[in-house]
Amino acid sequence: GICLADVMANSSARGLVPPTHETPEQRERRKAAEAAAAARRAKETPEEREKRKAKEAEAAALRAKETPEERAKRKAAEAELLARRAKETPEERAKRKAKEAAAARAKETPEERAKRKAKEAAAADRRAKETPEERAKRKA
């Protein structure tokens, strides 16, 4: 699925949200989110890129159509979501992430499933081969 952090990172990366009233922590978080989004984009296949571009275009089209009231409502909902996420404990975050992943899995096509399974197998393979030092580094 498309997560809000991506949307926010994308919009700030595109310069739509001038990050003026940011605390240093928020800046750190935004920079980290942007870096993560960039890393994800760097790893994606051409098909994934196409899909993401289509999704972004669709989101942009929806934004272009919305009235000022709808925009205000969406912004408020996004802010509320961010506030909720900022307050959540690591356990709550893990629970939410698991739920989001399950929802994404429920929606995936057989091809996407096969691709995810292959990716998971490759990751498991990498983990099986790693040294304790590498593991510690990955966990950090």
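Tutor: Let us begin with a cut-off: a residue is called buried under 20% relative accessible area, exposed over 50%, and partly exposed in between. Keep in mind that this is a predicted model.

Student: Why does R96 count as buried?

Tutor: R96 has a relative accessibility of 18%, and buried means under 20%, so R96 is buried.

Student: What makes E88 count as buried or exposed?

Tutor: The value for E88 is 19%. The limit for buried is under 20%, so E88 counts as buried.

Student: How do you know that R96 forms a salt bridge with E88?

Tutor: The closest N and O atoms of R96 and E88 are 2.6 Å apart. A salt bridge needs a side-chain nitrogen of Lys or Arg within 4 Å of a carboxyl oxygen of Asp or Glu, so the pair qualifies.

Student: How many salt bridges does this rule give?

Tutor: The count comes to 16 salt bridges.

Student: What about R30 and E34, where do they lie?

Tutor: R30 and E34 are both in helix α2, residues 24-43, and sit 4 residues apart, about one turn of the helix. Their side chains meet in a salt bridge of 3.0 Å, N to O, and both residues are buried.

Student: Why does E112 count as partly exposed?

Tutor: E112 stands at 26% relative accessibility. E112 lies in helix α6 and touches K51 and K107, leaving aside residues up to four places away in sequence.

Student: Is K139 buried or exposed, and what makes it so?

Tutor: K139 has a relative accessible area of 57%, and exposed means over 50%, so K139 is exposed. K139 lies in helix α7.

Student: Which residues form the positive surface patch?

Tutor: The patch is made by K43, R126, R127, R135 and K139. Helices α6 (110-129) and α7 (132-139) are the elements that give two or more residues to this patch.

Student: How does the protein chain as a whole come out?

Tutor: The secondary structure of the protein chain comes to 7 helices and 0 strands. Of its 140 residues, 14% count as buried. The accessible surface of the protein chain is about 11,200 Å², and 59% of that belongs to carbon and sulfur atoms.

Student: What share of the contacts joins residues 24 or more positions apart?

Tutor: Among contacts in the protein chain with a separation of 6 or more, residues 24 or more positions apart account for 59%.

Key:
Residues are numbered from 1 along each chain as its sequence is written. This is a predicted model: local features need pLDDT of at least 70, side-chain atom pairs count only at pLDDT 80 or more; totals for chains, interfaces and linings use all residues. Side-chain values use heavy atoms; hydrogens and water are left out. Patches are made of residues with over 30% relative accessible area and no salt bridge: like charges are joined within 9 Å, nonpolar side chains (Val, Leu, Ile, Met, Phe, Trp, Tyr) within 5 Å. Accessible areas come from the Shrake-Rupley method with a 1.4 Å probe; for residues, only the protein chains shown count as cover. Lys and Arg count as positive and Asp and Glu as negative; His and the chain ends are not counted. The place of a charge is taken as NZ of Lys, CZ of Arg, CG of Asp or CD of Glu. Buried means under 20% relative accessible area, exposed over 50%, partly exposed in between (1.4 Å probe, protein chains only). Contact means heavy atoms within 4.5 Å.
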